[in-house]
Each structure stands twice: as C-alpha cells, then as structure tokens.
Amino acid sequence: MKDNHFIQSTLRLLVVCVACLLVLASTSFTASDRLEDSVNIQFILDASLSMRSRIQGETRMDIAKDVMRELVQGLEARPGLEIALRVYGSRLTDLPRCRDSVLFQDFMPVDVGRASILALVESLEPKGMTPIAYSLERAGEDFRDRVGQNIVVLITDGLESCNGDPCGVSRRLQNEGIFLTPYVVGFALAPDEAEYLRCIGHYYEATDRESLTLSLKSIITQIVEPSVLQVAVWAENQLITDQVQLNLIDACGNSRVLPVKEFETWARYYSLPDGSYTLEALFTDGPVDLAANSDPFEISKGMVSIVELDIGSLKGILGVTARAGGVDISDRVNISLRKDGMQYLATWKDNPPYTKIDAGRYQVLVTNPLHQTESFEFTSWILPQEETWIEVDFGEQLSTLYVNVLYQGQQINGDCNVYAYRDGRLHNILEVDCSKFSYVATPGEVDILVQYKGSIYPVEKRINSVAMGPNETNHLVVELDDLLGHVKVQVIADNSNVTQSSSVDLLEFPDSLWTISPDNEWMETLLPVGSYTILAQYNRLSNQKSMQVPAGEVTYVRIEMPTVGGIKLIPKFGDLLAPIELIEAHIRRDGRYVMQMSVGDDSLFVEVPSGKYSVEGLYLTSPEQRQVAETVFVASNQVQKIEMQFVGPGSILLQLTTQSVPFTHVHYVELQQQSKPIRRLELVDSDRGLWQGDVLAGVYDVRVVSLATLRLSDVWLRNIVIQPLETSTHQIEMPGVGHLTLSVYSGGDLFGDTAAPRVFPSSNQTTSLAMNRQGDSGVWEREFIAGVYDIQVRPNIRGMEEQWLRNVVVQPGESTRLELEFGGAGTIQLTVLAGGEPFRDTNAPRVYVAGQGSSSIQLQRLSSRSIGQWSRELSSGWYDIQVRSNVRGMEEQWLRNVQVLPGVVNELSINFPGSGELRLQVLKGNTPLTEISRINVYPCQQSSSITYLTAERPRELSVWSRNMQEGCYDLEIRTRTDGIHWLRDIRVYPNQATDLEFDVKP
C-alpha cells in the first residue's frame, strides 16, 4: 500500500513539474498566447466626409492616420494575435454609398500584416457617408469562423447616416457569440452625439490627437495583457480537468461557469480581472455528483496563478450472480460491458465475478453459457466507491422459435419487426438469425406480432397461442398477402418514359419510400390496402392520380406530365421601358408561390405548365413599388406577354448657401412626405454645398438640421414637386455664421484652462453656449450664428471675481477677436515632512489654506508620485496655512501671513515629528488569544490614554496595530477572561515597524 501511495504521489508531482516547466519555457509569450486559440482584433476606421474637418489646423483624418500609424507600428507581434482593417466612407469601390464598407486587410499575424495596414491607412481619403450598422454586420461576417477572442475597435467622428441601428446590430452579434463587447472611440463628438454611441459597447471619448492616442493605447493594453488562471483537477492520480464544470466565485460571492475549450488537455487557462477568488470543481455523470473547493487565491496583472483540486476516486465495484434451472452458474456466464455506446474492457475476479471500473452508466449484457442465444441486458449506474450487484435467473430449459414473413411467396423480413408477447406483456423483440427471426425462451405458449414497417405506416398481424415445447425448434410462417398490395408507377412526358428521372410520392404521405424496378421502367412499393393519390414530379412539372390498392395484387399506374408554356413580363414607365435590373417578379398559383422569373435583355421570362397564374412585379425603388397581374392564362407551347406600369423615380438637388457662400455647418438634410421622414439627402459636393437624393414622383418637404453646436432651429422648404425622371433643383439661404475668439489673461499671461467662458445670446440670458479651448493656452474659440452676445468668464482661482463682455457682435463670415485681463495669481507649493522625510501616502495629512477673514479650502497634492508635496494656484494676497496630521498624538501646525505674489511660486515646508508602526500579537501559551476587548495606548508615565490599537484581519491571529508618533508608550491589554495586563516603556522609532509579542500565561 505504501508503494502504491508513493507511485501516485510521484506521478502527480511529475505532472505538476512538467506543467511548471512548460510555463517557464513559454515566458517569451504573454498569458493570452496560452489562454485562447487566438486574439483577433479588427479596426473599423471612419473615412467619411466629416473627417475633413479640422482640429487645431489639422484634419481629423490626418490625426487618425498618425495615431493609427503609431499604434500599429508599436503593436507587439505575439503568437495567436492577428489584426485586420475595415474602412467605411472611403468610396474607393463602386458600391452604393450606404454599402461603402470594405475589408481592406483580412486577419493576419501582426508582423505579416503590419506593412500592408500602414500603407492602406496612408492612402485613405475621406469622401463618403457613415454606415456604422452595416460595417458591424460585415465585421460579424469577417469573424464568423474565427475562434478565440474576437474584438472590434471602432473609431468614428460621426453618427449613423444610413438609417441603420448600430446598437441593435452590436447587441445581436454579441448575443450570438460572434464578437465580444466592442470598443468605441468617439472622435470630436458633441456630448449629445456621444450618447447615441455608448450603447454599442465600451465607449471612449477623444477630442484631439493626445486623447485619441491615449484611448486606443488603453484599449490595446486591456486586450493583450490579461491576468491568467491555470486550473488542473484530479481524481486520485487521474487528470480529469476536461470532464468537470468549473464555478468561479469572486470576493462578492458572485459565481459564473468557466468554459471548456476543445484544445485543452491536462489543464485549463483563463483570463480574469485582478482580484480574490475561490474555485469549485463539479463532476456530474448521471447520479454521480462530486465537488471540490479551493482555498481563496489572488489574480494579479501579468501573473499566472495555479490552482489544483482533487475530487477523490471515480471507481466503483460491479458484481454479477447468475442461476439457470436452480443451479448457480455465476462462474460460467459471459459478461460484456458498453459505456457511451463503446465496448468497455474489464478485468473480472473471483466467484461470483466482480470488477473495479470507472463510475458511470453502463449497458451490461449477461449471456447464458448453456444456451448462447439467451441473454439479459441491464442498464446500471456504478457509483464511486460503492458496490453494485446484478442478479440473473435464466429460469427453466429453453425452446426455439423461427419466424419467416412473406408477401406473394417472397421473404420480406428486412422490412419487418417481430415481437413476442407472454401473458399479454411484451417479452422479447426478435432479431434476425440466418435470414429468419429467432426467439429462444422457456417452453409454453407465445403470441407473435408481426409489424410491416412499410413505406408509409406500420401494418400489424398477430398470431396467438404459438406452442413452444421443451428443447424443441418450431417454425412459423406469416403471410401478409391479405394486408398489402404491390403498386408500380410509370411517369410519361412527351411520350417518353421519364420514371427514372422523376420523383414519385403519395399525396397523403409525402415521406413514402419507393424503389426503381430492376428494368428501370417502374417505381414500385408495397402499400397497405386502401385508397391513395400518387403525386409525380418531373422538371418542375407535376401531376397526380388516384388509385385503389387491393390485397395481394399488383396495381399499375401510368401518369402523364402536363404540357408547358411561358410568361414574359415587360415593365414600363408610360411608353418607356423600366430598368430590368431593378425588377423582381414572382409567379403564384392558387395563392402559393411557384417560382421567380429570370431577367432577360428587355423583359423577364419564366416557363410554366399550362394553366392559370398570378404575376407579382416588384420595382426596387425607395419606397418599393408592387404591381400584380391577377389572372394570367398560359396555353401549351405559347408565351403570354404582360406589361406592368410603374411610377418613374425623380431626383431633388438642393444647394445650401449663406451670402452666396456654401453653408457647411449641416448635421443632415431630410426629405419628408406628409410629416413622415422618407430618406436623408446625400452631400454630393461640399465645395458648392450641394445635397441630392432619388425618390418617387410626388410632393415633399425638406428639413435642414444644422450641427448641434450652432443651436440653430431647423430650416424647412415646403411643397417641392418631384416629376418622374426629372431633377428638381432648389436653393435655401441659411443664416450667417461667424467665428469668435477670446484670449483670457492674468497678470499679462494667458490664463490656461482655469477660466472657462460661457456665451449668452443678448436676447436670452438663461441659455448659454460653451467655447472650445485651443490646446493648453488661454485662448477660446467657437462658431456662432450671426448676432449679439454677452460673454461671462468665471475664473477657478480663489479670490478672483467673474467678468462680463457685453453686446459682442458676431458678423456673418467674419472672425471677431476679443481679449480679457484678470488680476495676477500665484502659487503656494508646500512640502510636508515627518522626521525630516516626506510624509508618506499611507498617513498623508490634510492641508488647508484660508485667506485672512475668509473660509478655508484644501490644497491639492501635486500627483500620486509627489509624496509629501501640496500645491494650489491662488489670487494674489495674504493667507494662513493649516496642516492636520492623520497620526495619533501629532498636533496640527500653522504657517501664518503667507504672501502670494502674481506669477510667483511660493515654496514652503512644515516638519512634523517622525512616525512609525506599532504591532502587537497577544498569545496565551503560544496560541493567539482572541478574547481581547481593547488595547489602550498611554504616553509613558501618563495616566490618560491617547488612542487604542486596531485588530488586523484575520482576527484569529490576534494581531493589533496603529501608526504612532515617535516616542515612548505604555500599553494596557484588556481581556474578557484573563483580566488586565501592561506593557511598559515601548519605544516607537520614525519610519520603522515595532513588532511585539505578549504571552498571557495560562
């Protein structure tokens, strides 16, 4: 037994060592390389016309190109990581504008596809529309057969412009498992526009080059640098990782099932967020339900955490006892096992025989050695570490019955089932032995039920009270001539036998089975006696015939196919031919679809059997037009011609100008009819402000929606008449737009971003507009509708009052420049020390500054890395500074009458006494004492406590701690069961931890 245990332990240790060596050997790869089959990233880039807009002198397209170039060049080539590029709006193909989405570069490893993607990005020119929903649909097709993590990164500077539903498309493709939640970067979008994109996926906002670069790099970091969990599950010395369900529980108690991957062998790998988890392994096989739970473990960024679980043995014992004629024959029976449909080899021992096998569901076949045709089959569950015994009694001496089923003297056993009944109950299902059904059983009478499976439904014949004598072999012949008839069908078309090329079926039973006769002249089958209708089909032609099938006879049926004619459809606009490529036509008969017509040079044509039809024509305009010819008679060998009249489409061409200059501040232009949106016009010439769209002839209204930043009401053009095949041209004069630039100074220098202006129309002081800042300077700008405005500038500096610029006139097409000067401001920069060292973040103080005679505000730390440094910009003047320490025993400190001068950084410092950590573990006989109510801290030789120690987790260790000012202290330990104890003259040193143990003697 010790040797077996040693072997199992050694085997497990060997497997774990091999796993660790594999992890060490792959340190040149990231965790995600081993985690999934692959990581597939598709970038979807916006190249629509709006990407020509400028930010700080550069077009959005040029910025996007530079950022994409930097991102792709810096992307590390890792095994399993592939990238692709899809672009919409470039209009480099002959696709319709709302289908202008092209997979420029299919998925390739980074080092293979990098140069191609860089060249493609460099060649892009913004020209088209913004079909986001359609691009996501196409991306789903790009990912369709790819395994691993499929990820979309979408960069767009506008909203959907093709009436698609990008949010709905994204949700559907995520639910279908095509790709994970997409990453969306909204570039230079207004806040109300950004809200329309957030439902697509993880949303990132970018306003300039720097924020676009930061957003994309942050997304790539999340994708390619996961944390990894490695799991292995054992059953004694057997690895069963791929057979268990793994339930992951996070620190909040939330549970989810971890998936199984086909390529995994002894271990599984998962990418998880950092945090604390526990793991449950669940093995289920029928009634078998075993589980094992791990201790809590941590997942850390870039690390591989290894968890192993053991659910115990999965083997049980199966034993068999057998009797025949009252004699125990257990040691002579033949036993075979099947599991999951496969033969299972087992080693049997002793008498009665037993074996130790894997737990699970088995089919057990026990055969009588005295009569090999007699056997019993059982289904049995083997449970782990339990014994299961099967008892078999073969009963008395056996008898044999052979059954032969005939029709017209021919054997049809292969088409039949035969059942044996005793005492009204099913006793056995007979199997074919030497071309006959055989039944081996104890002597007596048996009822035989013959079931002809047939071509449509079963036919049964029962023979009762068949005698079976001891050790006798009996023969039973069952004839079905009184129940079945033979049917032979021939199909004729144009006086030729086409049976072999036709399909023949029963109208009442569409799934009936037929065979070709040996001479290939007939389709034949056996049918139960009755009335039927035969349906024959040949080359899209069909015909049917009724028949009566008598018992025991051959019924011959001849079916002739109908003759054919044709239908020719000619679509027109009045006397003109309509474009054939935009017409679809369908043929119906008796309200049911028959077929679709084919497109020719000037018409559509179809060949059909003679008869009456209806023809449905569909003209694929916007909206679609539908015409129906209800009654069309087709005669044999003739073509019936039909003309269909459709409404010809027209076009509208709209020019938007302001003072003879193209108006470019347009969100979209919409065509409406009877107050319902029909479609949006397309910008076809931005240099001339031209918008165009095709619609059916009729009367329409045009609605012009300006960019949200202008706050301009919609502009309408009413009652536009569109004539067929003509272009209706119109011009709309839009309100003028001017440019306003404001430079804000403080003490002669630009004010930066601490003074954001708000602009109010002079006629409406309740609604304000924000201005955009140029870079990090104090210059603000924005375009406004021509008019008169008031500007409010409210600085974010203590002590400075807001200022107003009144009655500012914005002229159309002109740029108005303004300047505003505030008083000077300076900066207080304070260094806080403790024992001569910077005050650490773990016990950072609070720093307040107050102008003399005013309320206080809190200074801000310079950054998380500037330990002990605090700073704030203030209006020039005199201030008092108060610093409160978070360390027990330290008193607050003040700096009085601190002067702030314009443009000057006033560097100051305050030095507190040093501090250190005091940690105490309380024991009782070398065992942690948990019955402690409180530990008070007193300065040495003083009678009043100043604080108390706090219990650390887990409390079972009885460790107590607190940060203290350097000095000497006495500790009072109050217990619930052992009274009060003291520790005297404990010294705390700066920037050190004082660790103590105190043993309360039992």
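Predicted model: local features only at pLDDT ≥ 70, side-chain atom pairs only at ≥ 80, totals over all residues.
1. Basis. Local features need pLDDT of at least 70 and side-chain atom pairs count only at pLDDT 80 or more, whereas totals for chains, interfaces and linings use all residues. Residues are numbered from 1 along each chain as its sequence is written, and side-chain values use heavy atoms, with hydrogens and water left out.

2. Helices H5 and H6. H5 (residues 132-143) packs with H6 (residues 166-175) at an angle of about 15 degrees, their axes being 8 Å apart; axes are lines fitted to C-alpha atoms over the stretch in contact, and angles run from 0 to 180 degrees between N-to-C directions. The two helices are therefore roughly parallel (angles under 35 degrees). The contact (heavy atoms within 4.5 Å) involves Ile132, Ala133, Leu136, Glu137 and Gly140 of H5, together with Pro166, Val169, Ser170, Arg172 and Leu173 of H6.

3. Helices H3 and H8. H3 (residues 60-74) and H8 (residues 209-224) pack at about 35 degrees, with axes 10 Å apart. Among the residues that meet are Ile63, Val67 and Leu71 in H3 and Leu212, Leu216 and Ile220 in H8.

4. Largest nonpolar core. A nonpolar core is a set of buried Ala, Val, Leu, Ile, Met, Phe, Trp, Tyr and Cys residues joined through side-chain atoms within 4.5 Å; buried means under 20% relative accessible area (1.4 Å probe, protein chains only). The largest has 45 residues, of which Leu656, Val669, Val704, Leu742 and Ile791 touch the most other members. Strand S61 (residues 737-746) gives the most to this core, with 4 residues.

5. Second core. A separate core of 38 residues includes Ile63, Val121, Leu124 and Ile223.

Note on methods. Parallel < 35°, antiparallel > 145°, perpendicular 65-115°, else oblique. Buried < 20%, exposed > 50% of the residue type's maximum accessible area, 1.4 Å probe, protein only.
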